[in-house]
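Subject: A structure for you to explore

Hello,

Here is the structure I promised to send you. Have a look at it first, and then read on for what I found.

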Amino acid sequence: RILARVFDEKEFLSPAGIRSLSRAHLDHPFHHDGTTVVYEPAESDCKLKGGNSNWRGPIWFPISYLLLESLKKLDKAFHGTLRVEVPAIPGRQVGFEQLRKLAADRLISIFTLDADGRRPVYGKCPVFQNDPHWRDLILFYEYFDGENGTGLGASHQTGWTGLVANLIDEYRS
């Protein structure tokens, strides 16, 4: 049941990876003890209890990567025999490796050229999207918009966002 929610585009699965909070909270905010938490795909529009509240929807590479590694361990533990059905692949029972590939492809797609020759990581920034001197110099942002993959936060996070190289090596070689 957990994987059905993680691999549901109405919840955690985004075109660019796995969101840090379910998209369901956009229409159904969580209320507790005077605090309201609502899904926000990018930078938060308010501070939650005085701190940074950007964990309410964006995609974080290290957390996504750890999820993929956990699926790998589950696949090994069940000897590749356990199958689940998830909303992203309706009508089919799939193994953990297929789920890993689905999420990895979405994470990788943040940095690759789409059908229009644009990189989601650069959002609507014309210099990075169009200038031949900049468009192929990939920046590794701290986190990414939960709806479209635009890079957010610090732009030199090669320590954790550089994990995309591992995913490319494993799934695109």
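How many salt bridges does the structure hold? There are 12 salt bridges in it. Please keep in mind as you read that this is a predicted model.

Let me start with arginine 100, which sits in helix H3. This residue is buried, because its relative accessibility is 1% and the cut-off for buried is under 20%. The side chain of arginine 100 meets that of glutamate 69 in a salt bridge, at 3.6 Å from N to O. Glutamate 69 belongs to helix H2, so here is a link between distant parts of the chain, 31 residues apart. Arginine 100 also forms a salt bridge with glutamate 170, at 2.9 Å from N to O. Glutamate 170 is in helix H5 (residues 164-171), so this pair ties together parts that are 70 residues apart in sequence. Through shared partners, salt bridges join Glu69, Lys72, Glu97, Arg100 and Glu170 into one network.

Another salt bridge to look for is the one between glutamate 147 and arginine 19, at 3.1 Å from N to O. These two are 128 residues apart: glutamate 147 is in the loop between S7 and strand S8 (151-152), and arginine 19 is in the loop between strand S2 (17-18) and strand S3 (30-32). Is arginine 19 buried or exposed? Arginine 19 is buried, with a relative accessible area of 4%, while glutamate 147 is partly exposed at 26%.

Next, the aromatic rings. The count comes to eight aromatic pairs. In one of them, phenylalanine 61 and phenylalanine 111 have ring centres 6.1 Å apart and planes at 55 degrees, so the pair is tilted. Phenylalanine 61 lies in helix H2 (residues 61-77) and phenylalanine 111 in the loop between helix H3 (96-109) and helix H4 (126-130), so the pair joins parts that are 50 residues apart in sequence. Both of these phenylalanines are buried. Phenylalanine 111 also pairs with phenylalanine 144, this time edge-to-face, with 5.7 Å between the centres and 85 degrees between the planes. Phenylalanine 144 is in strand S7 (residues 143-144), 33 residues away from phenylalanine 111, and is buried with a relative accessible area of 0%. Ring pairs link Phe61, Phe111, Phe140 and Phe144 into a cluster.

Helix H2 has come up several times, so here is some more about it. H2 has 17 residues and reaches 24 Å from its first C-alpha to its last, close to the 24 Å expected at 1.5 Å a residue. Which residues of H2 are buried? They are Phe61, Ser64, Tyr65, Leu68, Leu71 and Asp75. These cover an arc of only 115 degrees around the axis, which puts them on the same side of H2. An α-helix has 3.6 residues a turn, so residues three or four places apart point the same way. On the other side of H2, Leu66, Lys73, Lys76 and Ala77 are exposed.

Enjoy exploring it!

Best wishes

Notes. Residues numbered from 1 in each chain as written. Predicted model: local features only at pLDDT ≥ 70, side-chain atom pairs only at ≥ 80, totals over all residues. Heavy atoms only, no water. Phe/Tyr/Trp six-rings, centres within 6.5 Å; stacked < 30°, edge-to-face > 60°. Helix = DSSP H or I, 4+ residues; strand = E, 2+ residues; numbered from the N terminus. Buried < 20%, exposed > 50% of the residue type's maximum accessible area, 1.4 Å probe, protein only. Expected span 1.5 Å × (residues − 1). Arc of directions from axis to C-beta. Salt bridge = Lys/Arg side-chain N within 4 Å of Asp/Glu carboxyl O.
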